[in-house]
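Here is a short report on selected helices, strands and ring contacts. Please read it alongside the sequence and coordinates.

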Amino acid sequence: LLAALADQAAVAIERIRLTTEMDAARLAAETERLRSALLSSLSHDLKTPLASITGAATSLRQYGELYDAAAREELAATIQGEGERLSRFVANLLDMTRLKAGGIVLKREPVDLSEAVGAALQRIQGLLGEHRVVVNLPADLPMLDLDVVLFEQVLVNLLDNAAKYSPPGSWIAISAAGDRRKVELTVSDEGPGIPAEELERVFEMFHRVNKGDRQRAGTGLGLSICRGFVEVLGGTIRAAIRTDRSGAVFTITFPEAVFTVMPREDAAE
Ligand code: ADP
C-alpha cells in the first residue's frame with residue numbers, strides 16, 4: 001500500500017511539475033507576444049504623430065510667410081493635436097504599467113456620479129469636436145466609494161473612443177440607472193459599433209478592431225485600462241451593440257459593495 005501511495009504521490013508531483021513548466025512556458029510566450037505587440041504599437045503610435053509634428057513645424061519655419069493665417073493656424077492645430085495625442089499615449093502607457101505592476105494605491109472617497117461625469121467631460125472637451133453630448137443621470141443615484149482619479153480616467157477613455165469612432169455631429173449619450181443592488185452607467189454613441197465577435201477582445205491590450213485605420217491612430221490600450229481600473233474599483237465593464245440603431249454601448253456596473261452608504265433594507269427597489 002505504501003509503495004502504491006508513493007507511486008501515486010510521485011505521479012502527482014510529476015504532473016504538478018509539468019503543469020508548472022507548461023504554465024511557465026505559456027507565460028513566457030505571452031510575455032514575448034505582449035513585448036513585441038508593445039514594440040510595434042510603440043513604433044507606430046509614436047512615429048505617426050511625431051512625423052506630423054515635425055512636418056508641420058518644418059513647413060511653418062521654412063515656408064511660414066507663404067501661408068495665409070488660416071493655413072498657419074491649421075499647421076499649428078496639427079502640432080497641438082498630435083502633441084496632445086502623444087501625451088495621452090504616454091499617460092495610457094504609464095497607467096498600464098502601474099496597473100500591471102500592482103502599483104495602484106486607491107484613494108477612495110465618496111463620489112457623486114454627475115460630478116465625475118461633468119469633470120470628465122470638461123477634461124476632454126477639446127476632443128469632442130462637433131459631437132453633441134446628452135447626459136441623463138437620475139438625481140437619486142447613491143454616492144459611490146471610488147478613486148475619483150481612476151474613475152474619471154475610465155470615463156475619459158470611453159468618451160474619447162465614442163468621439164473618435166463616430167461621425168462628427170452625432171450624439172454621445174451618458175446615462176445611468178440604479179437600484180438597491182447596483183448602479184449602471186452607460187456611454188453610447190452612434191458610430192459603426194463593434195462586431196459581436198470583438199466585444200470581449202476590445203478589452204485586450206493592444207487589440208484594435210481595425211488595425212489599418214491610421215486616421216484614428218490609437219494605442220489599443222484605452223479599454224484594457226478601463227477594464228483594469230473598473231475591476232480594481234470593484235466593478236465590471238462590458239461592451240455591447242446598440243439595439244435601437246447602430247453604435248457601441250459600454251456599461252459599467254458597480255455593485256452595492258461600493259455604495260458609500262449601504263442602502264437600507266427597507267428602501268424601495
Ligand atoms: P484605441 O482606441 O487606442 O485603439 P482602445 O483599447 O480604446 O484602443 O479600443 C480598442 C478598439 O476597440 C479600438 O481600436 C476600436 O477598434 C474599438 N472601439 C473602442 N471603442 C469603440 C467605439 N465607441 N466604437 C467603435 N469601436 C470602438
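## Strand 7 and its partners

In strand 7, V249 is the bridge partner of A240. The model is predicted. Strand 6 (residues 236-241) pairs with strand 7 in the antiparallel sense, over 6 bridges. The two form a hairpin, with 6 residues between them. In the turn, G247 has a positive phi of about 140 degrees.

Strand 5 also pairs with strand 7. These two run antiparallel and are joined by 7 bridges. Here T186 stands opposite T251 of strand 7. How many of the 8 residues of strand 7 are buried? The count is 7, so the strand is largely enclosed by the rest of the structure.

## Helix 5

Helix 5 covers residues 148-164. At 1.5 Å a residue, its 17 residues should span 24 Å. The end C-alpha atoms are 24 Å apart, which agrees with that expectation. The helix is mostly covered, with 14 of its 17 residues buried.

The start of helix 5 has a side-chain to backbone approach. A side-chain oxygen of D147 reaches to within 3.0 Å of the backbone nitrogen of V149.

## Two aromatic pairs

Searching the whole structure gives 2 aromatic pairs. One of them is F151 with F254, in an edge-to-face arrangement. Their centres are 5.8 Å apart, with 65 degrees between the planes. This pair links distant parts of the chain: F151 belongs to helix 5 and F254 to strand 7 (residues 248-255), 103 residues apart. F151 has a relative accessible area of 1%, under the 20% cut-off, so F151 is buried. F254 has 2% relative accessibility and therefore counts as buried too.

F203 counts as buried at 6% relative accessibility. F250 is buried, with a relative accessible area of 6%.

## R227 over the ring of F203

What sits over the ring of F203? It is the charged end of R227, 4.0 Å from the ring centre. R227 lies in helix 6.

Beyond its neighbours within four places in sequence, R227 is in contact with E200, F203, I237 and R238.

L233 is found in the loop between helix 6 and strand 6. L233 is buried, with a relative accessible area of 0%. Leaving aside neighbours within four places in sequence, its contacts include both F151 and F254. Also in contact with L233 are L106, R108, L146, D147, L150 and V258.

Separation in sequence and in space can be set side by side for L233 and F206. They are 27 residues apart in sequence. In space, their C-alpha atoms are 22 Å apart.

How values were computed
Residues numbered from 1 in each chain as written. Predicted model: local features only at pLDDT ≥ 70, side-chain atom pairs only at ≥ 80, totals over all residues. Heavy atoms only, no water. Helix = DSSP H or I, 4+ residues; strand = E, 2+ residues; numbered from the N terminus. Expected span 1.5 Å × (residues − 1). Buried < 20%, exposed > 50% of the residue type's maximum accessible area, 1.4 Å probe, protein only. Polar contact = N/O pair within 3.5 Å; in protein donor to acceptor, adjacent residues only side chain to side chain. Phe/Tyr/Trp six-rings, centres within 6.5 Å; stacked < 30°, edge-to-face > 60°. Lys NZ or Arg CZ within 6 Å of the ring centre and 35° of its normal. Contact = heavy atoms within 4.5 Å. Pairing = 2+ DSSP bridges.
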